[in-house]
Amino acid sequence: MSALSNAAAQPRVGLFATCLVDLFRPSVGFASVKLLQQAGCEVHVPVAQTCCGQPAYNTGDRADTREIAEQVIEAFEEFDFVVAPSGSCASMLKKHYPGLFKGDTKWEERATRFSQKCHELISFLTDVMMVRDTGARLDAAITYHDSCSGLRELGVQAQPRKLLSGVEGVEIREMADSDVCCGFGGTFCVKYSDISNAIVTKKVGNIDTSGADMLLAGDLGCLMNMAGKLKRQGSNVEVRHVAEVLAGVTDQPPIAGSGK
Amino acid sequence: MELAAKHFKASATKALADAQLQKALGNVEKGFIGKRKKAADALPEFEALRDNARDIKNHVLAHLDLYLEEYEAKVTASGGHVHWAETAEDARRIVLEICQNANAKTVTKGKSMITEEIALNDHLSANGIEPVETDLGEYIIQLRGEHPSHIIAPAVHLNKEQVEDDFRRVHTHLKADRDLSEPVSLLSEAREVLRKRYFAADVGITGANFLIAETGTSVIVTNEGNGDLTQTLGKVHVVVASIEKIVPTLEDTAQILRVLARSATGQDMSVYTTFSTGPKREEDPDGPGEYHVVLLDNGRSSMLGTEYQDMLRCIRCGACMNHCPVYHAVGGHAYGSVYPGPMGAVLTPSLNGIDETGQLPNASTFCGRCESVCPMRIPLPKMMRHWREREFERNLTPSTARYGLKFWAFFAKRPKLYRLAASFGMPLLSMFGGTSRRFKSLPLAGGWTRYRDLPAPEGRTFLQAWAQREALKQEPLNQGAGQ
């Protein structure tokens, strides 16, 4: 059966939780499951998942990246769709995996087929599952940071805003330069911590100026970076992954801050 | 100039502490980005023009030898001379010989990154010939003994008070009580001083934005007209250009010009776009008696056919650095190379080898904003990653990063071991996080906690919690494992 005809019934979705969600913020994983199930998906969480391989890939270690990619493909290729609550990890699966296998026709084809099933969570909900409203409600003035990979490699920008504007009680206050990097950049933030700090300092300034009491984004790396800086500066701005708000799952304490 | 790319980290830290520089960099961020966006938005066909420009350059690079030969033949037919320079040293020697043959004492120069690349000014000075930079920004940094910090706005790291101080220090023949508080007065003074230098110069040296194969023409774009004066007032005009500047036709040039200034400064066109073909003809009222083109390779031909070939499409508009958060933070000098920013992070290792320049392709968050604005659609992050791969293969990656990564990859490739380690480690780490739910410092995480807290993990890992939840759901149903 093709992925699409399956999708018309109840698509089987493999949730790629991402290492940061798995290790640091399980509530984002549960929020993702809830959103996917609400949208009519049958959600599976393969246990053979660890990391998408990005740290190795961006450090220039192609051999390890490829081994990790093979493992991910093997664990997930049985599903109709593979969804990750992260633009950066989803983009790794979708845009970068096929290139790892150049010259190995069999694996390249397999990776290409696999990549076509991969999606970032929020854009999957809006663009594939045609979700218009998640039914959540929350009284908060939020501001949204566009994480770079999701924004520039996958075109995720309007989708989260569309869903957030449907959340009863939410008011969106756009910050200046919401599409500018927060300075995380994977290993960049520790390799070049001085520069990373300069970039995140500007970002946090824009968050403060927006007057929002909650910061949302779709990538846990960026969120932990901005949350870490906000906490260090003693800010009260509450930081959460966008999936938590859209799923109405805000029982866990925020990544940073205490809200108003 | 001496390559100081290996000191990038230290230079960056210094740049971050330089309050004046930080203020000046704020102008790059505020000015160029908005202007480019406005110019691009105003042109419905802008994205199609980018595709077109990319295709033109790709075509040239696939047939570079043929177009270079055609270009040389056309230059020769129009009475000019083409000199082939394989290395920077060759190029310096050739230019010096031309100047010496003209008995030159001073030469004027239009702004040219390629003459920075071959360190021409030092070479001319060492041989008794005075080079005078005529682009305002270049003139200012020449007075200060500095190098450009940006490829289109070489003095963008300075403010007008600094320029005023430099002019008062150097232009001692002018009245001491003159008013230099306004940019326009600084401009007028530079114009007055430079005007005399044009007439005194024996040779004019310019770069080239394009070399047109079908006509043997070199093209420069400027906003000050200094390029025109440089190339028409001297007895001899020397064009120094690298081989990838070739475009097939006048029509192609016009196409690429439409994306150049829009990407660089947000102008529809730069104020002056000057085409020069050969020396002064009999019927011309003015122009140089001799016309020379020095074609520089300096490692570029070895980029052809490699994963770095796309870099040769670059038209030096500066859009990548204008939009780069790292460039915004540290400025161009920190890169320690002629070409700063994302384009430099790819090009510098190509020209100078990765051994000394390895920091540059690493100093990027891979945010991709550079690629998103590049008029020639050069995949800059991808090529930086290729450089990181070359470094990794050759064991040039710093050992802390290498071992840290290997440690991580060891677990990432062994899901069972990873799960085991995570299911013990994360609850423990969560416990240490205490009631504040954060770490202000953590062993081995100093790079992170130096400037920001590390949010504590929630406790159990997602997969651990998920497995537990699924198990609870299954229990009452008492179903077999196979179902």
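The largest cavity is lined by Asp177(A), Val180(A), Cys181(A), Ile199(A), Lys202(A), Lys203(A), Asn206(A), Glu29(B), Pro325(B) and His328(B). This is a predicted model, where local features need pLDDT of at least 70, side-chain atom pairs count only at pLDDT 80 or more, and totals for chains, interfaces and linings use all residues. Residues are numbered from 1 along each chain as its sequence is written, chains are lettered from A in the order in which they are written, and side-chain values use heavy atoms, with hydrogens and water left out.

**Exercise 1.** Describe the largest cavity and its lining.

*Solution.* 
- Start with the term: on a 1 Å grid over the protein atoms alone, a cavity is a set of points where a 1.4 Å probe fits but cannot get out; lining residues have an atom within 4 Å of a point.
- The structure holds 6 cavities of 30 Å³ or more.
- The largest takes in about 90 Å³.
- Two elements give two or more residues each to its lining: α12 (193-210) of chain A and α14 (325-330) of chain B.
- α12(A) gives the most, 4 residues.
- By class, the lining has 4 nonpolar, 2 polar and 4 charged residues.

**Exercise 2.** Find the buried face of α1(B) (residues 8-16) and its packing partners.

*Solution.* 
- Buried means under 20% relative accessible area, exposed over 50% (1.4 Å probe, protein chains only).
- Phe8(B), Ala12(B) and Ala15(B) are buried.
- The buried residues pack (heavy atoms within 4.5 Å) against α12 of chain A, and against α2 (19-41), α14 and α16 (359-362) of chain B.

Methods
On a 1 Å grid over the protein atoms alone, a cavity is a set of points where a 1.4 Å probe fits but cannot get out, and a pocket is an open set with protein on both sides within 12 Å along at least five of seven lines; lining residues have an atom within 4 Å of a point. Grid points are joined across faces, edges and corners, and a volume is the space filled by probe spheres set on the points. Ala, Val, Leu, Ile, Met, Phe, Trp, Tyr, Cys and Pro count as nonpolar, Asp, Glu, Lys and Arg as charged, and the others, Gly among them, as polar.
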